[in-house]
Amino acid sequence: MDPAGNLRSDIQRALDRQRLTQWQRTFLTDIHARLERSDGQAKLSDKQWQKVFEILGPQTDANRRLRPLRTATLMPRFRPRRRFFSWRLERLVFGFAIIGIVAAFQMFAGTGTSQKQPGPAPAAIGQPVAQQFTVTDGDTVHVAGEATGTRLVGFNTPEKFSPQCASERQLGERASARLKELVGGGATRLTKVACSCAPGTEGTEKCNHGRSCGRLLVDGEDVGNILIREGLAVPFVCSGSRCPATPRPWCG
């Protein structure tokens with residue numbers, strides 16, 4: 001899906017050069033992080049593919065006056081429009097064919113049709129997370145088995161995926177590496193907490209772009225306090241259902 005990292009490179013160029021809305025920037029950053037974690041093998045839904053193309057392609061309102069990004073990864077899927085729908089139809093037919101073959105094999109073997117087992121449910125708010133997790137960047141982790149990441153609350157680290165300057169990227173890489181070092185060197189405790197969003201929006205795109213929120217302790221201390229103390233983060237405290245403007249003081 002991401003031959004030779006072409007899609008990741010296009011997304012990174014868009015994050016570095018284009019004028020994007022906050023939602024577009026967050027969406028592309030999340031897609032880029034998923035591709036990085038899976039070495040380009042992450043599966044995107046049709047809707048996610050379409051959104052990526054709309055942001056990167058030349059026909060969207062946000063990119064009308066910008067130089068279009070044309071890649072071998074995206075163009076066969078989405079241009080021209082007739083070919084895009086033809087490709088979807090072919091994939092649908094192929095999928096039904098595979099299902100039919102699997103069902104026939106199971107009937108022949110006498111096993112019946114197996115049912116898909118539900119994946120692990122996200123941890124409840126206020127409960128420690130028992131599953132393993134990986135570090136996405138200095139203030140975001142990804143719990144194994146969950147579709148979206150978990151934003152750590154109380155602090156903000158420099159961006160390494162969509163920095164505003166070279167120094168912010170460097171600090172973002174250092175913050176991410178430091179968080180990995182802390183997680184690997186001490187006893188961790190990740191607890192889900194309620195996000196500061198409007199009532200009823202938790203878990204939706206209207207709240208933290210679908211991500212959950214959490215607090216991470218290492219050897220009993222909040223990692224945010226450690227990173228702030230070491231100059232790799234700044235305080236970012238929300239209250240109730242509102243958050244202040246995200247602090248990003250690293251570019252002067």
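**Exercise 1.** What volume does the largest pocket have, and which residues lie closest to its centre?

*Solution.* In this predicted model, begin with the pocket itself, whose volume comes to about 1200 Å³. Next, turn to its lining, which is made up of 50 residues, those closest to the centre being Arg 151, Asn 208, Arg 211, Phe 236 and Thr 246. Then sort the lining by class, which gives 19 nonpolar, 17 polar and 14 charged residues.

**Exercise 2.** Determine which elements give two or more residues to the lining of the largest pocket, and which of them gives the most.

**Exercise 3.** Describe how helix H1 is arranged against helix H2, and identify the residues through which H1 and H2 meet.

*Solution.* First, the axes of H1 (residues 6-17) and H2 (residues 22-37) come within 10 Å of each other and cross at roughly 150 degrees. Because angles over 145 degrees count as roughly antiparallel, H1 is roughly antiparallel to H2. The crossing in which H1 passes H2 is left-handed. Finally, list the contact: from H1 come Leu 7, Arg 8, Ile 11, Gln 12, Ala 14 and Leu 15, which meet Arg 25, Leu 28, Thr 29, Ile 31, His 32, Leu 35 and Glu 36 of H2. Sorted by class, this contact between H1 and H2 holds seven nonpolar, three polar and three charged residues.

Technical notes:
Residues numbered from 1 in each chain as written. Predicted model: local features only at pLDDT ≥ 70, side-chain atom pairs only at ≥ 80, totals over all residues. Heavy atoms only, no water. Axes fitted to C-alpha atoms, helices over the stretch in contact; angles between N-to-C directions. Helix = DSSP H or I, 4+ residues; strand = E, 2+ residues; numbered from the N terminus. Parallel < 35°, antiparallel > 145°, perpendicular 65-115°, else oblique. Left-handed = near helix turned anticlockwise from the far one by under 90°. Contact = heavy atoms within 4.5 Å. Nonpolar A, V, L, I, M, F, W, Y, C, P; charged D, E, K, R; others polar. 1 Å grid on protein atoms, 1.4 Å probe; cavity = no way out; pocket = protein on both sides within 12 Å on 5 of 7 lines; lining within 4 Å. Points joined across faces, edges and corners; volume = space filled by probe spheres on them.
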